[in-house]
Amino acid sequence: MRPEGASDKSIHLQFPIQKAEKTVEVDFIERPLPLISNRLKQLAEKFCPRMKFAPVGLMNLEKREQYWYWLASFPQVACLSAESEFHPNGTLKRIVIDSFKAGNHPIFQLQGPREHYIIVNLMLAESILRRDFTGLKLISVEQKDR
């Protein structure tokens, strides 16, 4: 059974998950791929109607349970300001976004650092916070205007 909104032409990915006593369905899975729940996808589509999504099934084979998520194709934007700071190992210590380079993307993946950061604008962040999502942690980042 496909999730609502998946077309016949889309790619369908399925991955087995480890058995657990209790499974908690979160709205965002960071690794190994960023996956979002159907509820979070519906909200993202309101802000980014042209964003592409591929359905991903996570299967607990032992319990014969399947959970549907969406792999989002976040645009990658190289918008780190020169004021950003890095740890000696190359990971980000302080994120400073160059607002001119970032443009008006409501949501995007930060291009450049070793880690994966998903950046959302203030309107989308406030909309996320008004809902009861689980598995999300929003932190404020600095923004530098030119």
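**Core and pocket, by question**

Me: Leaving aside neighbours within four places in sequence, which residues is phenylalanine 53 in contact with?
Reply: This is a predicted model. Contact here means heavy atoms within 4.5 Å. Leaving aside its neighbours within four places in sequence, phenylalanine 53 is in contact with Ile36, Lys41, Ala44, Glu45, Trp70, Leu71 and Ala72.

Me: Which residues touch the most other members of the largest nonpolar core?
Reply: In soluble globular proteins, nonpolar side chains tend to be buried together. The largest nonpolar core here has 15 residues. Those that touch the most other members are Ile36, Leu40, Met51 and Phe53.

Me: Which element gives the most to this core?
Reply: At least two residues each come from α1, β5 (65-72) and α3. The top contribution is three residues, and it comes from α1.

Me: How many residues are in the second, separate core?
Reply: Cys79, Leu80, Ala102 and Leu110 are included in this second core. Its residue count is ten.

Me: How much space lies in the largest pocket?
Reply: Rolling a probe the size of a water molecule over the atoms shows where empty space is left. For the largest pocket, that space is about 1300 Å³.

Me: Which element supplies the largest share of the lining of the largest pocket?
Reply: The lining has 45 residues, with Tyr117, Ile118, Ile119, Val120 and Leu138 nearest the pocket's centre. Elements giving two or more residues include α1 (38-47), β11 (118-120) and α3 (122-129). The largest share is six residues, from α3.

Me: How many residues of this lining are nonpolar?
Reply: Eleven lining residues are polar and six are charged. The nonpolar ones number 28.

Technical notes. Residues are numbered from 1 along each chain as its sequence is written. This is a predicted model: local features need pLDDT of at least 70, side-chain atom pairs count only at pLDDT 80 or more; totals for chains, interfaces and linings use all residues. Side-chain values use heavy atoms; hydrogens and water are left out. On a 1 Å grid over the protein atoms alone, a cavity is a set of points where a 1.4 Å probe fits but cannot get out, and a pocket is an open set with protein on both sides within 12 Å along at least five of seven lines; lining residues have an atom within 4 Å of a point. Grid points are joined across faces, edges and corners, and a volume is the space filled by probe spheres set on the points. Helices (H or I, at least four residues) and strands (E, at least two) are DSSP runs, numbered from the N terminus. Ala, Val, Leu, Ile, Met, Phe, Trp, Tyr, Cys and Pro count as nonpolar, Asp, Glu, Lys and Arg as charged, and the others, Gly among them, as polar. A nonpolar core is a set of buried Ala, Val, Leu, Ile, Met, Phe, Trp, Tyr and Cys residues joined through side-chain atoms within 4.5 Å. Buried means under 20% relative accessible area, exposed over 50%, partly exposed in between (1.4 Å probe, protein chains only).
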